[in-house]
Amino acid sequence: MNELWLNFLDPQGSARRVRVDKDKFAIGRHPDCDLTVADSRLSRVHARIERLGDRFEISDQGSSNGTDLNGSPVFDPMPISDGSSISLGGFVVKAEIAQAQTAPAVASNGEPLQAAAPAAPIKKAAAAETSGGSDGIPVFLIFLAPVLAIFLVAAAGGAVYLLAVKNSGQVAIGNDEVDDPPDVKEKDPEETDDPKPTPRPTAGGNGTNPELDIPTPTPANLSENAKVEMNGTGFLRKIGANDSKVFMTGEQAKRLAAKVKQFAGSAALADNLNAAQKNADQIKALAAAKNLKPQFLAAAAVARLGNSKGDVVQTAQSMSEILDKLSVHLGTELADDCLLLIAAYDQGVAGETMKMRNMLQDLANKTNESSRTIRTIWFLQKQNKITQAEFDRALTFLAVGTIAQNPKEFNVNAAALNI
């Protein structure tokens with residue numbers, strides 16, 4: 001039976017080799033695909049590989065950027081050969097077909113090896129011979145009987161000895177006899193039989209370890225930038241479809257902290273966050289319909305309202321249509337993808353849903369930076385590839401999401417947004 005392996009470089013530039021282990025194997029950006037690739041050039045379900053006995057065929061699944069096999073567009077299912085080059089909208093995968101090791105083993109003379117014959121059962125007559133001719137009594141009983149007898153005698157003797165010890169007032173410790181009780185150290189009045197537990201490092205009232213006097217990282221003694229970094233990271237890990245290990249750098253947190261301060265004490269923001277939590281079920285339903293994370297959609301709506309009180313659910317509903325169209329081209333797998341969606345939101349409103357994607361693809365062809373580096377608002381702003389307004393829109397969204405993790409830490413009187 002042949003096996004098909006797919007060789008490619010992932011968006012981070014690492015070489016990967018994946019086996020096609022199903023009869024129908026889907027490739028795309030969607031997390032439910034058999035092979036998920038977080039590359040904006042791929043559609044959610046871009047292509048499908050089907051096994052037909054020892055053959056494999058690839059078909060395009062209506063992708064935006066198309067599928068090519070060895071330079072030819074795939075309109076109908078096409079056979080894959082060993083060494084075939086598959087282009088998924090420009091993302092290249094090399095096919096490798098190998099034969100599974102199923103051939104029978106052979107001897108040095110080329111003859112097939114025969115399976116070893118099962119051992120013949122031992123006959124009763126032979127068993128009787130090994131018993132030493134003791135009228136069929138199993139040999140192990142002959143050797144076991146004396147051992148059992150010795151054990152019973154020892155047990156009886158031990159019982160008699162223990163009874164005598166008890167009556168004579170001797171002390172028995174394990175298997176050793178002691179004629180007189182051992183010397184016992186006089187206990188300190190405050191000492192108990194129980195071992196004193198080792199104190200666990202805990203924060204005292206001043207935010208330090210009472211024994212080691214080491215600052216404990218609690219919200220009370222974190223710097224403002226550290227609070228932003230911690231809560232910002234928590235938010236980023238909730239908005240990407242497949243980005244649980246994303247983190248915020250100290251430099252990013254420093255830039256974000258200035259934006260967070262603009263919302264300090266905002267009563268409108270507090271009302272909008274509370275409204276989002278109150279209407280969590282509606283926001284969840286809207287997000288699920290567009291394959292978005294509910295925390296992402298809720299924060300997007302609240303950020304859109306800014307420092308003005310408004311209808312969070314209605315705002316989320318109107319934004320979900322645009323975000324859905326943008327996500328087809330930009331993706332939602334990574335937190336950075338979600339920030340790009342917000343930066344490109346006004347482009348989507350204007351109907352230019354592919355403008356950001358085309359710019360990213362053009363930039364990828366002109367720079368040696370990795371795809372992951374290019375697809376961030378931080379890199380694009382530094383390279384003047386997005387406007388200040390687009391960067392500020394994404395930064396505002398990130399600030400609101402950061403505050404939403406623990407509003408009272410940022411002087412916003414609302415409950416944490418947990419959808």
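Q: At what angle do helix 8 and helix 9 pack, and how far apart are their axes?
A: In this predicted model, helix 8 (residues 312-330) and helix 9 (residues 335-343) pack at about 130°, with their axes 10 Å apart.

Q: Why is helix 8 called oblique to helix 9?
A: Roughly perpendicular covers 65 to 115 degrees, and roughly antiparallel needs over 145. The angle here is about 130°, so helix 8 counts as oblique to helix 9.

Q: Which residues of helix 8 and helix 9 meet?
A: From helix 8 come L323, L326, S327 and L330, and they meet D337, L340, L341 and I342 of helix 9. Sorted by class, this contact has six nonpolar, one polar and one charged residues.

Q: What makes helix 4 roughly perpendicular to helix 14?
A: The axes of helix 4 (residues 250-261) and helix 14 (residues 388-405) cross at roughly 75° and come within 9 Å. Angles of 65 to 115 degrees count as roughly perpendicular, so helix 4 is roughly perpendicular to helix 14. On the helix 4 side, the contact is made by R255, L256, K259 and V260.

Q: How do you know that helix 7 is mostly covered?
A: Buried means under 20% relative accessible area, and eleven of the twelve residues of helix 7 are buried. Among them are F296, L297 and V302. Their cover includes helix 3, helix 5, helix 6, helix 8, helix 9 and helix 14.

Key:
Residues numbered from 1 in each chain as written. Predicted model: local features only at pLDDT ≥ 70, side-chain atom pairs only at ≥ 80, totals over all residues. Heavy atoms only, no water. Axes fitted to C-alpha atoms, helices over the stretch in contact; angles between N-to-C directions. Helix = DSSP H or I, 4+ residues; strand = E, 2+ residues; numbered from the N terminus. Parallel < 35°, antiparallel > 145°, perpendicular 65-115°, else oblique. Contact = heavy atoms within 4.5 Å. Nonpolar A, V, L, I, M, F, W, Y, C, P; charged D, E, K, R; others polar. Buried < 20%, exposed > 50% of the residue type's maximum accessible area, 1.4 Å probe, protein only.
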